[in-house]
Amino acid sequence: MAKPKVAIYWCASCGGCEEAVVDLAEDILKVVDAVDIVLWPVAMDFKYKDIEAMPDKSILVSFINGSVRNSEQEHIVKLLRQKSQLVVAFGACAHLGGIPGLANVSNKKEIFEIAYKLTHTTVNPDNIYPQPVTEIPQGRLTLPEFYDTVKSLDQTIDVDYYLPGCAPPPDLIMKGVETLLSGNLPPKGTVIASEKALCETCPRNKTKPDKMVIKEIKRIHEVIADPEKCFLAEGIICTGPATRGGCGERCINANMPCRGCFGPTKEVIDQGAKFLSALASIIDANTEEEAKKIAEQIIDPIGLFYMYSLPTSILRRKQGV
Ligand code: SF4
Ligand code: SF4
């Protein structure tokens, strides 16, 4: 019997999600044994035209990581949608827009200006910027078009399931693969992780005082964090209250606060706003001046509260550009 066909593709991402697949260790042999991989650009030499030639819906599942920020990524994810029965947004960038999505505080013009002109190591006296099409005597050179706005996968194509995390942990990946191959599918739109907030499963939750108040915000590199105590109760920002659990408290166990890569729980519309309101409720300030002073200790609030979710937040991007 023919094995089910699977595609793995990356868009705008750091490559960590691809490493997470390799992190399956010996379990990867079980996956390779069970499926026929038809596209995995980072590891195998398949061609886009091979996918184009396949009948529609002939791929059982495409796992797509990374956010969508250029025309090639948009084209390939639309192609994979057409050829696949199921599409899984794999990892925080495909799920929520991810860290590349923080570029939405800017636009293409500003990004190109910095990358190709203003960095100290760039010499570009003729102001040459990447162009989608360049005619040269030998022919025509093309590059994918760089978009102003970074999008999550479901802002570009219909998505069936989400495997959250930066990157998704191996046990969750295996659970997702086994679930999809079993044919016993969860409801469309399911995020394959816990339904609880991270704080609910965090071992440090029990150290939270009954009434939590903070008068000062500390950055993790400025203190030696107590490995037993709740970060937030110590004044160190930890987005556990606004983040979906299921990662195995990976950062907490390494004595680092959560930064929210699993995204919000089902009930939460905007992860950053949810965390901001949780934080505001514990800040102990008697005057507006005092509150302002504490708030000013939060360096880069967008980068902190929306580290993984700006494109799928209510804000989505800087407006007016
Ligand atoms: S705020 Fe962070 S450290 Fe505290 S209980 Fe929640 S996840 Fe754990
Ligand atoms: S603790 Fe938070 S940032 Fe770290 S892996 Fe878990 S969800 Fe992601």
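**Figure 1. Arg-316 in the segment after helix H12 of the predicted model**. Helices (H or I, at least four residues) and strands (E, at least two) are DSSP runs, numbered from the N terminus. Phi of Arg-316 is near 65 degrees, a positive value in a residue other than glycine. Arg-316 counts as partly exposed because it has 17 C-beta neighbours inside 10 Å; the class lies between buried (20 or more other C-beta atoms, placed from the backbone, within 10 Å) and exposed (12 or fewer). The model is predicted, so that local features need pLDDT of at least 70 and side-chain atom pairs pLDDT 80 or more, whereas totals for chains, interfaces and linings use all residues. Residues are numbered from 1 along each chain as its sequence is written, while chains are lettered from A and ligands numbered from 1 in the order in which they are written.

**Figure 2. Asp-300 in the loop between helix H11 (288-295) and helix H12 (301-305)**. Asp-300, a residue other than glycine, has a positive phi, near 55 degrees. With 10 other C-beta atoms within 10 Å, Asp-300 is exposed.

**Figure 3. The cis peptide bond between Cys-166 and Ala-167**. Omega of this bond is about -5 degrees. Ala-167 belongs to the loop between strand S9 (161-163) and H7. Most residues other than glycine have a negative phi, and most peptide bonds are trans.

**Figure 4. Thr-190 in the loop between helix H7 (170-182) and helix H8 (198-201)**. Thr-190 counts as partly exposed, as it has 15 C-beta neighbours inside 10 Å. The C-alpha atom of Thr-190 is 6.4 Å from that of Tyr-162, although 28 residues separate the two along the chain.

**Figure 5. The residues around ligand 1 and ligand 2**. Around ligand 1 there are 14 residues, of which Cys-199, Cys-202, Cys-230, Cys-238 and Gly-240 come nearest; a residue is near if its C-beta atom, placed from the backbone, lies within 6 Å. This shell divides into 11 nonpolar, two polar and one charged (nonpolar: Ala, Val, Leu, Ile, Met, Phe, Trp, Tyr, Cys and Pro; charged: Asp, Glu, Lys and Arg; polar: the others, Gly among them). Ligand 2 also has 14 residues around it, with Cys-247, Cys-251, Cys-258, Cys-261 and Phe-262 nearest. Helix H9 (residues 250-253) gives the largest share of the shell around ligand 2, three residues, and by class that shell has eight nonpolar, three polar and three charged residues.

**Figure 6. Helix H4 (residues 71-83) and its packing partners**. Gln-73, Ile-76, Val-77, Leu-80, Arg-81 and Lys-83 are the buried residues of H4. Strand S1 (5-10), helix H3 (48-52), strand S3 (59-65), strand S4 (68-70) and strand S5 (84-90) are the elements against which these buried residues pack.

**Figure 7. The contact between domain 1 and domain 3**. Domain 1 (5-99 + 150-182), domain 2 (106-147) and domain 3 (198-312) are given by the domain assignment, which is automatic or from a database. In the contact, 16 residues of domain 1 meet 14 residues of domain 3 (C-beta atoms, placed from the backbone, within 7 Å). On the side of domain 1 that touches domain 3, helix H5 (92-96) and strand S8 (146-151) each supply at least two residues. H5 has the largest share of that side, three residues. That side of domain 1 comprises eight nonpolar, seven polar and one charged.

Terms used. Contact = placed C-beta atoms within 7 Å. Expected span 1.5 Å × (residues − 1).
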